[in-house]
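The overall fold comes after that.

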Amino acid sequence: MKLINDRLLKALRRQPVDATPVWIMRQAGRYLPEYRQVRSQVKNFMQLCKTPELACQVTLQPLARFDLDAAILFSDILVIPDAMGAAVEFQENIGPRINQPIRSLADVEQLHSPDPTEALAYVLETIEMTQHELAGKVPLIGFAGSPWTLACYMVEGGGSKDFATIKHMLYSEPEILHQLLQKLTRTVSDYLQAQIKAGVHAIMLFDTWGGVLTCRDYQQFSLDYMSQIIATIKQASDIPCILFTKNSTPWLEMIAQSDCDAISLDWTIDIGAARKRIGEQVSLQGNMDPMVLTGSDERIRNEVATILASYGQGSGHIFNLGHGITPQINPEKVAVMVKAVHELSAPYHEINL
């Protein structure tokens, strides 16, 4: 199906666009009252992810409010551990919990290697439903968690402040961790390829916890496995791949060698500086601090203008936040940001000259 708005895909390939495309991480989520209304219809978060009709509805909600240039599939990175047999539950005000964390080689060996068309069929059904409803309006982004980030949850049993358990495994029993990461890499690769077959236009790898590693360990335990996933995808498809590692500023050149099409930046680096370092190799996504959206309309527009000016002329920039939008944000502030991106970015694109 031909897309009506293909700004995102053009920018990912560094092709000319009329304005900088914009979408936001976690754009379908708790800051929207309509999302909270849908969430109230189910017992828990995982049930919402596993109900395609509702997941599709939530995916589309931001597009009804804002002039966004992409939809992103409503799901969660932890559907993969859940499908592998590491049952996930989301506890109110606590977050995700895995009640039987991975602590030994035997635990790794007991994990399933799921067929995504069966174990994750509900995600693929959501994609198909969403594509039907979008009818080519904008691209749909699919995603998965990186093997390292998934392993963090699976070994720690949930979120962590210091990642002491998985780091102990990394330094004392690295062969067990590599076995887990290899198994996750195969599963994530299969899952993303299934998403592509179901109809997504781009994919994104979320490596939320890669930044807790040393440079050498990041290469070995996170980036190498993400590079394997990207290579597998590229063998079968020309679909654009976006890679996001939080706190990745020191490693941008290394990440650019992964064969990803775009690197998503957090807000700790000036995007112009990042472009000077790697912008001729990949597109850049980002990178406004989500908390700017708690400021005045004028402050939001000024920050948008600053980021656009820092990136400068030409395509290859996808405007986004430096991480996910937070629940307390007023949706009207998002509308201000999206409008500002489209209005203020047009002069930076040669197509308008």
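I looked up helix H14 (residues 271–278) and helix H15 (residues 297–311) in this predicted model. Their axes come within 7 Å and cross at roughly 20°. I took axes as lines fitted to C-alpha atoms over the stretch in contact, with angles from 0 to 180 degrees between N-to-C directions. H14 is therefore roughly parallel to H15 (angles under 35 degrees count as such). The crossing is right-handed, meaning the near helix is turned clockwise from the far one by less than a right angle.

Next I listed who touches whom, with contact as heavy atoms within 4.5 Å. H14 contributes Ile-271, Gly-272 and Arg-275. H15 contributes Ile-307, Ser-310 and Tyr-311. I sorted these residues into three nonpolar, two polar and one charged; Tyr counts as nonpolar and Gly as polar in this scheme.

Then I zoomed out. The protein chain has 16 helices and nine strands, taken as DSSP runs (H or I, at least four residues; E, at least two). Its C-alpha trace spans about 60 × 45 × 40 Å along the principal axes. For 353 residues a compact globule would have a radius of gyration near 20 Å, and the chain's 19 Å agrees (C-alpha atoms; rule 2.2 Å times the number of residues to the power 0.38). I found 59% of the residues buried, that is, under 20% relative accessible area with a 1.4 Å probe. Of contacts between residues at least 6 apart in sequence, 74% join residues at least 24 apart.

Bookkeeping: residues are numbered from 1 along each chain as its sequence is written, and side-chain values use heavy atoms, without hydrogens and water. Local features need pLDDT of at least 70, side-chain atom pairs count only at pLDDT 80 or more, and totals for chains, interfaces and linings use all residues.

Methods: Parallel < 35°, antiparallel > 145°, perpendicular 65-115°, else oblique. Buried < 20%, exposed > 50% of the residue type's maximum accessible area, 1.4 Å probe, protein only.
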